[in-house]
Amino acid sequence: MTAPLKHSDPVNVGVALGDRAYDIVIGRGVLASLGERVAHLRPGVRTAIVTDRTVAKHWLEPTEASLAAVGIPTSRIVVEEGEISKTYAGLEKVSEALIAAKIERNDLVIALGGGVVGDLAGFAAAILRRGVDFVQVPTSLLAQVDSSVGGKTGINSPQGKNLLGAFHQPVLVIADTAVLDTLSPRQFRSGYAEVAKYGVLGDEAFFTWLEKNHADIFKGGSAREHAIATSCRAKAGVVSRDERETGERALLNLGHTFGHALEAATGFSDRLFHGEGVAIGMTLAAQFSAKLGMIGEADAARVERHLIEAGLPTRLQDIAGFSQEGLADADALMALMAQDKKVKRGKLTFILLEAVGRAVIAKDVEPAPVRDFLKEKLAHKA
């Protein structure tokens with residue numbers, strides 16, 4: 001864990017990947033330094049900013065102004081907000097716009113937005129002219145602590161979440177905590193699920209700190225920077241040791257096997273934000289771990305209690321339209337989980353808990369106990 005930061009103290013977290021290493025710059029107001037940092041990284045560069053309509057209203061002009069101040073030419077590509085843009089059609093739109101903007105191999109794509117924009121713009125950069133570098137400027141809490149770091153890019157298939165993509169590391173991440181002030185309470189809570197995840201999977205002391213300080217994180221106090229920096233350090237360490245998820249990095253998917261299936265079941269809509277799916281998935285993973293005798297019921301209850309205190313959903317029944325076909329059906333959810341990226345030769349892989357703060361990779365999980373567990377949870381009325 002880091003010492004709590006003051007608002008006036010930006011912090012750099014390094015992602016150690018050899019000659020592809022990059023910095024995550026965290027602090028209030030650091031967006032203004034984007035142009036200067038880009039000019040230092042790539043003298044003479046051209047840029048294209050990919051953003052969504054909502055983020056553009058708040059942060060597109062300040063981003064363009066930062067680049068213009070150091071003489072960096074840029075163009076803008078604005079997409080619709082939400083998972084609707086993380087599709088084949090969305091990828092085509094962004095890719096064709098980048099080509100039309102004459103973005104070349106030595107130029108930069110700038111992803112200004114949340115996880116959807118980062119994934120979409122990063123994937124377009126990865127395939128444009130067989131690879132153009134990009135910068136992440138995450139504008140949601142979820143993106144600042146998770147999706148902007150580590151180089152996972154991609155789009156959704158109608159058959160599942162993030163099934164098409166590429167590992168493509170950014171060359172810089174600018175995480176300005178001031179931009180989080182424009183998020184809705186629901187969006188901020190959704191991102192907080194990923195913060196809590198780092199404590200649950202690998203740092204019990206951090207989880208204990210979150211239990212005591214989460215209110216200050218939501219208020220925007222110095223605890224916010226501390227939580228973001230701690231989360232980024234945790235992810236950067238894992239990514240530097242296992243960039244392509246051949247082992248340890250899979251632990252970062254705690255809650256995602258259940259959560260991604262729930263997102264697919266709700267049509268990747270605003271009925272369930274990604275972080276909300278992770279919160280429910282994390283709770284289910286803890287409860288399934290307890291059912292298998294890996295942790296005690298008290299530990300599973302502790303995880304759920306904290307997520308509830310943070311205002312997050314923890315039960316399947318908390319999802320809007322829960323009774324709709326495909327969501328309240330264990331077999332349908334099992335079919336969606338079978339498309340999870342961690343499935344190997346048809347066998348399910350789950351991230352489960354041996355304790356709060358200690359997650360493990362459980363391979364070759366038999367489907368029958370999972371199906372029975374889901375049926376049990378689906379049957380709960382209260």
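Mentor: Contact means heavy atoms within 4.5 Å. This is a predicted model, in which local features need pLDDT of at least 70, side-chain atom pairs count only at pLDDT 80 or more, and totals for chains, interfaces and linings use all residues. Residues are numbered from 1 along each chain as its sequence is written, and side-chain values use heavy atoms, with hydrogens and water left out.

Trainee: Which residues is I217 in contact with, leaving aside its neighbours within four places in sequence?

Mentor: They are F188, Y192, W209, L210, A223, R224 and A227.

Trainee: Is I217 buried or exposed?

Mentor: Buried means under 20% relative accessible area, exposed over 50%, and partly exposed in between (1.4 Å probe, protein chains only). I217 has a relative accessible area of 2%, so the residue is buried.

Trainee: Which residues does the UniProt annotation "binding site" cover?

Mentor: UniProt positions are given in the numbering used here, feature names are shortened, and annotations may be inferred rather than shown by experiment. The unreviewed UniProt entry lists E194, H256 and H274. They gather at one spot, because no two of their C-alpha atoms are more than 10.4 Å apart although they span 81 residues in sequence.

Trainee: Why does H256 count as buried?

Mentor: Because its relative accessibility is 4%. Leaving aside neighbours within four places in sequence, the contacts of H256 include E194 and H274.

Trainee: And what is the relative accessibility of H274?

Mentor: The value is 17%, so H274 counts as buried. Beyond four places in sequence, E194, H256 and E263 are among its contacts.
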